Amino acid sequence: MNLPIEQNLISLVSLIFSFSSFILACLIFVKILRSHKEKNRELSDELTYAVSKKIDESVEKILGDTLADSRTKIDGEIRKFSEELLRLIHARSAELSAYVDKTQQDQAKQSQFYVANMLAKIEVDAKDYRENKFKEIDQEIRQIVLAAAREVIGRAISLSEHEDLVNKALERAKRDKLF
Amino acid sequence: MTTKATIDNAVAFKPFENSIFDMRGLLGILDDLTLIERSLFRDKEGTISSKARDYTSSGVIAIFEDLEKTGIEPADDSKQLNFLKDLVEYLKGLPVVKVTLAFSPTNTYLEKLSNTISGYSNKKAILDLTIDEHIVGGAIFEYGGKVSSSTLDARLDEVLTKQMTGAKP
């Protein structure tokens, strides 16, 4: 079982060699791996760019089509709305015109009726006023004449005439059975 | 007794009644009688005229003196007082005739008017006289709620109305 030293040494050197080879191989592998990773990254960036560009183009196309379609639809709706609005305005205008005409006619009738009534009332009032004034004037004349007559007759009657008038009044009271 | 007293009073009151013609005369005699009534028992004796002479000198004293001569007047104080009270009540109860004239009558005419009205009504009537020149002439009599008017003012009014309305008066 005892190996000579040379043998051991050879084994050791062999072992070291093997180990070194292993280390070297690892380093090479790591290097290769890094290189591959960088290459993959470059490929990924290119792919991303290409996909993004494609998406942008698609979106632009879709949006463009949609906008064009919407514009057409909106224009159509606006045209329809404007036409309906015009129709309504015309209809309302006709109604309003008819209402105004009817109101004017009614007011004209009412005015004529009012004027006729006022005229009749004024005629009656004027007649009443005239009659009342005549009555007032008659009354005033009557009062003036009465006052003058009282004054003149009152002064003209003597005491004995007064007494005679009272006696006659007394006889009449007796005839009237006052006592 | 009561009947006799009533008859005596009716006779005794007549001279007082005859001395009054209008409200002024009535109020004057009522004042005199009230004054005499208050003076009757002030330590005096005798007739009413003798007791009242110191307080009034109106014509009512003369009427009492005439009554005393006929012996109708009561002798004692108590009866004299009752006599006066009855007289006042009697005079206050005399019928009043309201008369409106256009002039102030003389006393003579007033007396004549009062007597004529009293004759018509068969009882003494006192005249409540009002002077209103607006009636111009004639008179208005009011008695017992009735009125009789015969005035020149009414006649003038009537004539004027007919003239103004174009009718013949």
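Let me start inside the sheet: in β2(B), B:Leu101 has B:Ile131 as its bridge partner. Helices and strands here are DSSP runs (H or I, at least four residues, for helices; E, at least two, for strands), numbered from the N terminus. Two strands pair if DSSP finds at least two bridges between them.

Now the strands around that pair. β1(B) and β2(B) run parallel, with six bridges joining them. Between them the chain passes through helix α6 (residues 107–121) of chain B, and this β-α-β crossover is right-handed. That label has a convention: with the strands pointing away from the viewer, the path from the first strand over the helix to the second runs clockwise.

A quick word on what you are looking at. This is a predicted model, where local features need pLDDT of at least 70, side-chain atom pairs count only at pLDDT 80 or more, and totals for chains, interfaces and linings use all residues. Residues are numbered from 1 along each chain as its sequence is written, while chains are lettered from A and ligands numbered from 1 in the order in which they are written.

Confidence next. pLDDT is the predictor's confidence in each residue, from 0 to 100. Chain B averages 87, and 92% of its residues score at least 70. For the complex, the predictor gives an ipTM of 0.83 and a pTM of 0.59. Where pLDDT is low, the predicted coordinates should not be read in detail.

Back to the sheet. What is the strand order? The order is β2-β1-β3-β4 (chain B), in an open sheet of four strands with mixed pairing. β2 (126–131) and β4 (146–151) of chain B are the edge strands, each pairing on one side only. From one strand to the next, the twist averages 15°; axes are lines fitted to C-alpha atoms, for helices over the stretch in contact, and angles run from 0 to 180 degrees between N-to-C directions.

Strand β1 (residues 96–101) of chain B is joined by four bridges to strand β3 (residues 138–143) of chain B. There, B:Thr100 stands opposite B:Ile140 in β3(B).

Zoom out to chain B. The chain has seven helices and four strands. From the N terminus on, the elements run α-α-α-α-α-β-α-β-β-β-α. Of the 169 residues in chain B, 28% are buried. Buried means 20 or more other C-beta atoms within 10 Å of the residue's own; exposed means 12 or fewer; partly exposed is in between, and C-beta atoms are placed from the backbone. Contacts are C-beta pairs within 7 Å, again placed from the backbone. Among contacts in chain B between residues at least 6 apart in sequence, 59% join residues at least 24 apart.

On to the interface. Chain A puts in 23 residues and chain B 25 residues. On the side of chain A that touches chain B, α1 (5–156) and α2 (159–175) of chain A are the elements that give two or more residues. α2(A) gives the most, eleven residues. That side of chain A divides into 13 nonpolar, two polar and eight charged residues. Nonpolar is Ala, Val, Leu, Ile, Met, Phe, Trp, Tyr, Cys and Pro; charged is Asp, Glu, Lys and Arg; the others, Gly among them, are polar.

B:Val136 has a phi near 65°, a positive value in a residue other than glycine. B:Val136 lies in the loop between β2 and β3 of chain B. Is B:Val136 buried or exposed? B:Val136 is buried, with 24 other C-beta atoms within 10 Å. A:Lys177 also has a positive phi, near 55°. A:Lys177 lies in the segment after α2 of chain A, and is exposed, with 9 other C-beta atoms within 10 Å.

Technical notes. Contact = placed C-beta atoms within 7 Å.
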